[in-house]
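Please walk through the model below one site at a time. The text starts at a single side chain and then moves to other parts of the chain.

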Amino acid sequence: MMSNVWFTLSRLFAILHVVHYVTCTPESDSEETYNKYYNYAGLTRRLWSFVEKYPHICSLESVGKSAEGRELWVMRVTAHSERNEPGKPRFRYVGNMHGDEAVSRQVLVYLTEYLLTRYGTDPRVTELVNSTDIYIMPSMNPDGFEKATEGDCTGSSAARQNAKHVDLNRGFPDQFDQLPRVLEGDAPEVTAVMSWILHKKFVLSGNLHGGSVVASYPFDDSSSHIASGVYSHSPDDALFRYLAQTYAENHPIMKEGRPRCPYDPDEGFKDGITNGAAWYDVPGGMQDFSYLQGNCFEVTFELSCCKYPFASELHTEWKNNREALLTYMEKVHMGVNGYVMTSAGIGLPGANISVAGNNHNITTWIFGDYFRLLLPGTYNITASSSGYLPKTVNNVTVTEDKATLLNFILNTSSEKMQMPGFLASPVPSTAFTPTVRIFDNQGASTPEPLVHPQDIRHHSYLDMELFLQQINTVHSSITHLYSIGQSAQGRELYVMEISTNAGIDQPGKPEIVFVGNLHGSDAVGKEMLLILVEYLCSNYGSEALVTRLVNSTRVHILPSMNPDGYEMVFEAQKYFGTNSDFSGGVRYSSNQNTDLSKNFPDQSYGEDFVQPEKAAVMSWIKTHSFVLSASVLGGMIGVKYPNSVDSLDEDVFKLIAEACFVKYPFLQLSQACDLPRPKDRNYIKPSAPGIDMQTWAYRNTGTLGFTIGLSCDLYPQAKDLLTYWKRYHVVLLQFIQQVHFSVRGRVTDVQSGQGIVNSTIVVEGSRHHVHTSKSGQYWRPLAPGAYKIQAFAPGYSAVVVPVRVLETQVEQVDIGLSPEPLAHSEGQLEGEEFQKLLEDLSSTSGLEQLVQSLLPGGMLHYRTYRERSDFLQELTLTFPQITRLYSLGHSWEFRTIWALEITGNLESPQPTEPKMRYVAGVHGNAAVGPELLLEFAFVLCINYGGNPTITKLVDRSRIVIVPCVNPDGRELAQEGKCFSTAGLTNAHGVDLDTDFLSGSLSVQPETRAMMDLIREGGFSLSVNLEGGSLLVTYPYDRTTQPAHNEETLKYLAVVYAGNHLGMHFGYPGCHIGPESVPGGILRGAEFSNHSGSMKDYSMDVSLCPEITVYTGCCLYPPAEQLLSLWVEHRTSLFAMLLEVNKGLSGVVRDKEGQPVSDAVVRVNGSVLVHSDTQGYFHTLLPPGTHQLEIHAQGFQQQLWKVNVSSHQMASPLVIEFTENSTHFSQGVVLAAATSIITILLFSLLIWHFRSAKFVNGVRWLRQENLQMDPIVSEKSPLRGVFLEESESEDDAFYLEQH
Ligand SMILES: [Zn+2]
């Protein structure tokens, strides 16, 4: 009874004082003086004064009442202290648990003040308060404190205990003692704090006491309860010692380990820390309860020898403890943290996190977030939750600096485990049922208690910048503000990412993007997106759907893509003060009249000017793995998607569009907008060149792009914005949700389990490919149906997985890729492997087997210029590791002449890799060649990584494909016209194959483009596809020129014709042209005698042999015949690729080992090739034995005899010029009379060859003994003799192969 009266009075007292303070006392606003203790009333007042002054970063709550009814005040200090934020660890300090231990009570008030007053100015404090949810309870035993006496250093039990005579630090459940330790109701403080601990799941805490100076860590007691000296280890003993020491070493007295307290002046603690039980047994303490049942690591700190020193000591005590208190708090950010989620990205509360080798588990909090403090090291960590399959991540590295982010995605037990490399069967995910129903159930009404932003207005660029920065500060735990570039006038293109752990690639989190304000005048999109930013942030943590979306999705919002254009309109709006009379801002900016929403380049390498905004957005979208994107705008109401998409993707687009709009009848009203409105004087007609952003994104990136229109007005009055928002925001939320209806998974290396970045996911039947993110994740939206998904990455064997998508279930398909059997390995072994491979391929039917084993391309159809450009760009985006697309120049009608380069060494060209060229479409009416080459390119790419032979060939060669030299003519040609000359010439009526006249200054632009490529040099072989007959021609096309090395040229033609299904029979069977062609090959001049041909130019200028393939009688057969034409030609096309790896290659060096460039390699008197700047050369020769002369300016000539095999790779010769011949420059004088000497020399030479050593399969020829080389120079009249003689020693000159 008595206590009840007291209780009532004391509350009244407290409240009165609060009111008193708030209304009239300025005293409490003053700064801390550190010279007096606060009694309960004073403490209460002081704490409330903080809330008054710093409401944005602190809040005060009571977690319960003491036995005498005093509030157990807890000060919460953190940015956004009014709510729980996922991903923010919770920390607590509890002081004054023993009422007579008073220092901590004061110190915690000082700490609170320190944090609050320094927030925003002190970076350390700001960071701590932003990132940590800090709870400070200055007094857990306010009743006891009221009984204690200032200056009483040893304390009294009456003040130590609570009002019911309970020692609160003996009142918690104990691990070794199952009985309740106190009578029910006797320790309401313990009950309240226990419930608080269990509810908050603190991550780290400090329990502050007095009476000594030491940090004491778990366990606090042992099963024996021996009073002292029993070290009671916890599973986290090392971590606890570290934590305890963190405090101790920052406390000037504690770190000494010699507190010299009067009661035991000799007491010592090594490093100022002690195991609790080893010091003295404390059953029922709070710290063990926190650790064992509260998910929380807790250490007890004794702050001072004197329990209740005079107030004059307080400032010193504060100074002694300040740094220790701060540093210890910061440790809440060590170890590993993240989320445990379902496959749909929904956080799982209460999931277990266990660390291998440690039997102490912690559990996730309400958002599925967890924080596992760990010392630096490497750990295997498992997440498990009832109803889900556990998941372990091995070798998680923990560093000292910052917590390691580790998210877990758990599949339900009913989902089948995906076996790496095996075909995955469809798996239902029960977690994410179609969320359309969420809205259906609630109809048109907005779910409560949603907070709609109040301050809705139009934002100028500066307003917007400020707005975004403020949001980013206030909601820092879920926002990430960045800029993707600048506008033409230098304004930032800001993007706000909203997500937990924003800015980081996270398992299970798809990315989505919104873009607004593409038109400067389109204010609706911009403002709707700004509202969306605020809406997501301010409802996060309180509203279920928003919280779930932000937890599970990375939402990127670019409110204004055209800030320059907007500023212009914004100013005009201010001037006119109305909303509808001005709409000039369709324009891009004042000086460039360009529509940013259109005119996306359909040639990524085009030379036209790309606006900086567009360039920034394109590169942003390309470099992210955005699954869905939407431009949000006014001028229409509804959802649009690109027109020309594959039917498979059309279904997906349609499904998503309908989910966003069509399913809400209440959104159907007044959808038709009258556009273009008559007042839009500057409206740019849709016929603007180029493509819109969505089409561009579909063709060039992994994202599916939509246009979402939310208002007919472009620039409504500010007051109408809220109306539009309330009516249509559901569309934006629904759109975010749609991303979760994707087939998704991870592509991993089966051996390491690591995700494979940028692997390609192809769905059969769709040209839209997606790529994996940094962590190997992919998302592929698909409509219900059955699909085949193929995953591949360079260096891995491709895997095909069947997937079934059901209407209400999303699929998780994890795909493990095995490294391809023939792994890259440099050196001899690889050479031998490749040699073996070439031999196998060169054997009878070897190539045919390869061709049969390839994944088919199946991309055959006739393509327009634009389709061809798209195809090439898509190919390079899909296979960025091995392809490069570039422009050789432009046609008369300014079409790009594309060159596609395919090689495994894109970044680091290998000087030894042979380079070859495939060209088509010199005559635009020969339509088959371009398509065969595109198919060829695609088959090479799609089999790269999966097929070891193709991988090797691509790795060891450089393939340049020019599918269409004459794009203008090609556009004119007509399908089905076998003999039409329409399109034969370029747009200026020139037959390009007569225009390759070296020395001509006025060649056609198409010719110039090819000439530049040919002159660039380095090509060892070229194949040009023509039409109108069925044969192969080899140089020269003009009659006058004798072919130096006709054998080689002829041989190459034979290879092509011989691998073609019918060509080698020699009966083209065409109405025009020769009836019979032996072997299917002819010298060019014999077939069509003309000068200025491309292949003659190639021979003359770059010594590169080129053959012309006439693919068939009909120039432009119906598309249905393309497949059989491909089947006829494909083996030949591969055969040429094989051939370029044979022949002869070598490197020419001087005696210092420096490369000798421009050395001339001749065979049988004909110049074959020059060495390049690196001294390398490569040339093709027919099988057989060949005489080589190698000559370089200033060096003696060398003579070689080599045997070229029809089934072996080119073995590199090492030509070493050891003697400078400058002083022999007049040696010709000698030459006339020395035939005897020559023969002598020749003998020496033979001897030398015979004794030469084999080094790495290459026979080295050393000539240091051969001094009289001028005699055998090419100018020597004895040269012929020499060569003839050498024939007799064939066997000695063979270059042996291993
Ligand atoms: Zn104590």
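In this predicted model, a polar atom of the side chain of His1060 lies 3.0 Å from the backbone nitrogen of Gly1062. The backbone nitrogen of Met1063 is 2.9 Å from a polar atom of that His1060 side chain. Both pairs fall under the definition of a polar contact: N or O atoms within 3.5 Å, where, within protein, one must be able to donate a hydrogen and the other to accept it, and residues adjacent in sequence count only if both atoms are side-chain atoms. His1060 sits in the loop between helix H28 (1046-1059) and strand E37 (1081-1083); helices (H or I, at least four residues) and strands (E, at least two) are DSSP runs, numbered from the N terminus. With a relative accessible area of 2%, His1060 is buried; buried means under 20% relative accessible area, exposed over 50%, and partly exposed in between (1.4 Å probe, protein chains only). Apart from neighbours within four places in sequence, His1060 is in contact (heavy atoms within 4.5 Å) with Leu1030, Glu1128, His1129 and Ser1132.

Residues are numbered from 1 along each chain as its sequence is written, and side-chain values use heavy atoms, with hydrogens and water left out. As the model is predicted, local features need pLDDT of at least 70 and side-chain atom pairs count only at pLDDT 80 or more, while totals for chains, interfaces and linings use all residues.

Thr760 is another buried residue, again with a relative accessible area of 2%. It belongs to strand E25 (residues 760-763). Its side chain and that of His771 are joined by a polar contact of 3.4 Å, and a polar atom of the Thr760 side chain lies 3.1 Å from the backbone oxygen of Thr878. Beyond four places in sequence, the residues in contact with Thr760 include His769, Val770, Gln790, Ala791 and Phe792.

Ser224 is partly exposed, at 41% relative accessibility. Its place is the loop between strand E6 (214-217) and helix H8 (237-248). The side chains of Ser224 and Ser222 make a polar contact of 3.0 Å. Phe176 is 48 residues away from Ser224 along the chain, and their C-alpha atoms are separated by 8.6 Å.

Now the sheet. Seven strands form an open, mixed sheet in the order E17-E18-E20-E19-E21-E23-E22; two strands pair if DSSP finds at least two bridges between them. Strand E17 (479-486) and strand E22 (636-640) are at the edges with a single partner strand each, so one side of each has no neighbour in the sheet. From one strand to the next, the twist averages 20°. E17 and strand E18 (residues 492-498) run antiparallel and are joined by six bridges; Tyr482 stands opposite Val495 in E18. Helix H13 (residues 461-474) packs on the sheet and touches E17 and E18, with its direction at about 30° to that of E18. Axes are lines fitted to C-alpha atoms, for helices over the stretch in contact, and angles run from 0 to 180 degrees between N-to-C directions.

Which residues of helix H22 (residues 846-853) are buried? They are Gly846, Leu847, Leu850 and Val851. These residues cover an arc of only 135° around the axis, so they lie on the same side of H22; the arc is that of the directions from the helix axis to the C-beta atoms. Gln849 and Gln852, on the other side of H22, are exposed.
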